[in-house]
Amino acid sequence: MAAPRAFAQSLPRLSRSITKHAQSRYYSKLSVPAAPKSALQSLRLPKQCARPATRFQPLSTSSALFHGHIDPPKPGEELYVTFIDKENREHKIAVNKGDNLLDIAQAHDLEMEGACGGSCACSTCHVIVQDQDYYDKMPEPDDDENDMLDLAFGLTETSRLGCQVVMTPELDGLTVKLPSMTRNLQSSDFK
């Protein structure tokens, strides 16, 4: 119980330190006091973690990760998909066979949320296929996708979830429109 007590006793000092530094407009120099040595000893950490605490330890942040898991296609192997965003601007993108529309849009900073991470459990990656011929070339949506599409804003006859549309050579030249808004309703909201 010594560790929680020591931590609780250090909170007012920590709060004053953060407030002081935050008000100074030098956020990069923000420091957080280290836990008292007795608190570290009582936690019984492995030797590699139990280094002596210094008076102040710098507070660091890491940069946001770019989605970037989509590799650029090799010359001659590219397929093309065009996204029409909410402002009616067209974005023609060269992609690989096997990439899905959600990953492509996120890798190119288009406004497609994908709240469920592409697991077909929300409707935030809803897209509208602009050409019926391309829609007919796609595999039929399964029951899970249809259930999520029922929750989508602006549902049309050619609506699909971007996470479920995988690029194939038959879909080369596909054009999809992003709806003007999305609903962030997940299947877990209805259980």
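pLDDT is the predictor's confidence in each residue, on a scale from 0 to 100.

**Confidence.** I noted that this is a predicted model, so I looked up pLDDT before anything else, as it gives the confidence in each residue. The protein has a mean pLDDT of 78, with 60% of its residues at 70 or more. I marked residues 24–32, where pLDDT is below 50; the model gives this stretch 16 contacts beyond near neighbours in sequence. I also marked residues 61–68, where pLDDT stays under 50 and the model has four contacts beyond four places in sequence.

**Sheet.** I traced an open sheet of five strands with mixed pairing, in the order β4-β3-β7-β5-β6. β4 (90–95) and β6 (159–161) each have a single partner strand, so one side of each has no neighbour in the sheet. From one strand to the next, the twist averages 35 degrees.

β5 (residues 126–129) and β7 (residues 174–177) are antiparallel and share two bridges. Val129 has Val176 of β7 as its bridge partner.

**Core.** I looked up the largest nonpolar core and found 29 residues in it. Val81, Phe83, Leu101, Ile104, Met112, Met167 and Leu174 have the most contacts inside this core. Two or more residues come from each of β3 (79–84), β4, α3 (101–107), β5, α4 (132–137), α5 (143–149) and β7. α3 gives the largest share, four residues.

**Met112.** Which residues is Met112 in contact with, leaving aside neighbours within four places in sequence? I listed Phe83, Leu101, Leu102, Ala105, Gln106, Thr124, Cys125, Val127 and Leu178.

Conventions:
Residues numbered from 1 in each chain as written. Predicted model: local features only at pLDDT ≥ 70, side-chain atom pairs only at ≥ 80, totals over all residues. Heavy atoms only, no water. Pairing = 2+ DSSP bridges. Axes fitted to C-alpha atoms, helices over the stretch in contact; angles between N-to-C directions. Contact = heavy atoms within 4.5 Å. Core = buried A, V, L, I, M, F, W, Y, C linked by side-chain atoms within 4.5 Å. Buried < 20%, exposed > 50% of the residue type's maximum accessible area, 1.4 Å probe, protein only.
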